[in-house]
Each structure stands twice: as C-alpha cells, then as structure tokens.
Amino acid sequence: MDLAETLLRLAKSDDFLERARAGTELSQFAGSDAVDQVLLELLLDDDNTSPVQDTAEALIKRGDRAALRPFAAAWHRADSSKDNTHLTEIADYLYGAISYGLWLDSTDPQRTGLQTVLATLLDDQDEAVRKGADSLLGTLPGAR
C-alpha cells in the first residue's frame, strides 16, 4: 500500500488527531479527484476543528492551484451556509488560514500569491470551486 492510500484511510479515522495528520500529509497529493474529495471532507469536518485547521494551513502553505481547489470548494460550502453554526465556525478557520497565506505571500517572494492563484480558479469546471474562489477574492483586502 502506498502512502496516499494509507493517508486516505487515516482520514476516515474516528480519532481527530489522525484525521488532522492525514489532512496535513494529504495536501501534498492534492490534484487527484479521490484525494481532493477527502481533503474537502476534512476541511468541513463536523466532529472537530483540528482536521479543518491543519488541512487548511497545509493547503495554504502549498498555495498552488491544485491545493486551492478543495480549499475554495470548502469555502463555498462553509460561507454560503449562514444558518449552520458549525459551518460558520469552519468559515472562520478557513479565513484565518487565508490570512496566514497572505502573510506568507508578503514574506516570501518565491510564492505565486494566493490572490493570483485564486483568480485562475474563476474558470474552473467545478461550480463550487469557481464560486468559492470568487467569494474569497471578494473578501480579501485589495483583491478587486
């Protein structure tokens, strides 16, 4: 069994710490449908916010298009669910991760920049990714 398969199994664990670790490590495999679906589930974890926070930060650190696709989709689901207190809390964690990413962008000239990468998602084939990227860009300072 390869590492990605092991991490996909760990992401389904009852232990929130194992899910958080799986999300961090799975971020390196973002870009495949199976992994992206599990990353989305971890970003919307309804049991504990540790998997949300750890997965979000790992994807933001990576900062490329593949990493931001599940992040944008999760943002769309969390931000558009105003009546769900848990999803509102998740949106706060995701926004915190984006703020952290903007700080990383300001300190590392080698990074492409989250706003630039998010703009490339505005024409993504997945509607949730498109809407999430558009909404994120609308909330970021100076993005539009």
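The model is predicted.

**Stop 1: H5 and H6**

Select helix H5, residues 65-79. The crossing of H5 and H6 is left-handed.

Now show side chains. From H5, pick Phe 71, Ala 74, Trp 75, Arg 77, Ala 78 and Asp 79. They meet Leu 87, Thr 88, Ile 90, Ala 91, Leu 94, Tyr 95, Ala 97 and Ile 98 in H6. Colour this contact by residue class: 11 nonpolar, 1 polar and 2 charged.

**Stop 2: H5 and H8**

Keep H5 and select H8, residues 127-139. The axes of H5 and H8 come within 7 Å and cross at roughly 80°. H5 and H8 are therefore roughly perpendicular to each other.

On the H5 side, select Arg 69, Phe 71, Ala 72, Ala 73, Trp 75, His 76 and Asp 79. Their partners in H8 include Ala 128, Val 129, Lys 131 and Leu 136. The contact of H5 with H8 divides into 8 nonpolar, 4 polar and 3 charged residues.

**Stop 3: the largest pocket**

Which helices each supply at least two residues of the lining of the largest pocket? They are H3 (33-43), H5 and H8. Select Asp 33, Asp 36, Gln 37, Leu 40, Arg 69, Pro 70, Ala 73, Arg 77, Asp 126, Ala 128 and Val 129 to see the lining. About 210 Å³ of space lies in this pocket. Its lining has 5 nonpolar, 1 polar and 5 charged residues.

Notes:
Residues are numbered from 1 along each chain as its sequence is written. This is a predicted model: local features need pLDDT of at least 70, side-chain atom pairs count only at pLDDT 80 or more; totals for chains, interfaces and linings use all residues. Side-chain values use heavy atoms; hydrogens and water are left out. On a 1 Å grid over the protein atoms alone, a cavity is a set of points where a 1.4 Å probe fits but cannot get out, and a pocket is an open set with protein on both sides within 12 Å along at least five of seven lines; lining residues have an atom within 4 Å of a point. Grid points are joined across faces, edges and corners, and a volume is the space filled by probe spheres set on the points. Helices (H or I, at least four residues) and strands (E, at least two) are DSSP runs, numbered from the N terminus. Ala, Val, Leu, Ile, Met, Phe, Trp, Tyr, Cys and Pro count as nonpolar, Asp, Glu, Lys and Arg as charged, and the others, Gly among them, as polar. A crossing is left-handed if the near helix is turned anticlockwise from the far one by less than a right angle, and right-handed if clockwise. Contact means heavy atoms within 4.5 Å. Axes are lines fitted to C-alpha atoms, for helices over the stretch in contact, and angles run from 0 to 180 degrees between N-to-C directions. Angles under 35 degrees count as roughly parallel, over 145 as roughly antiparallel, 65 to 115 as roughly perpendicular and the rest as oblique.
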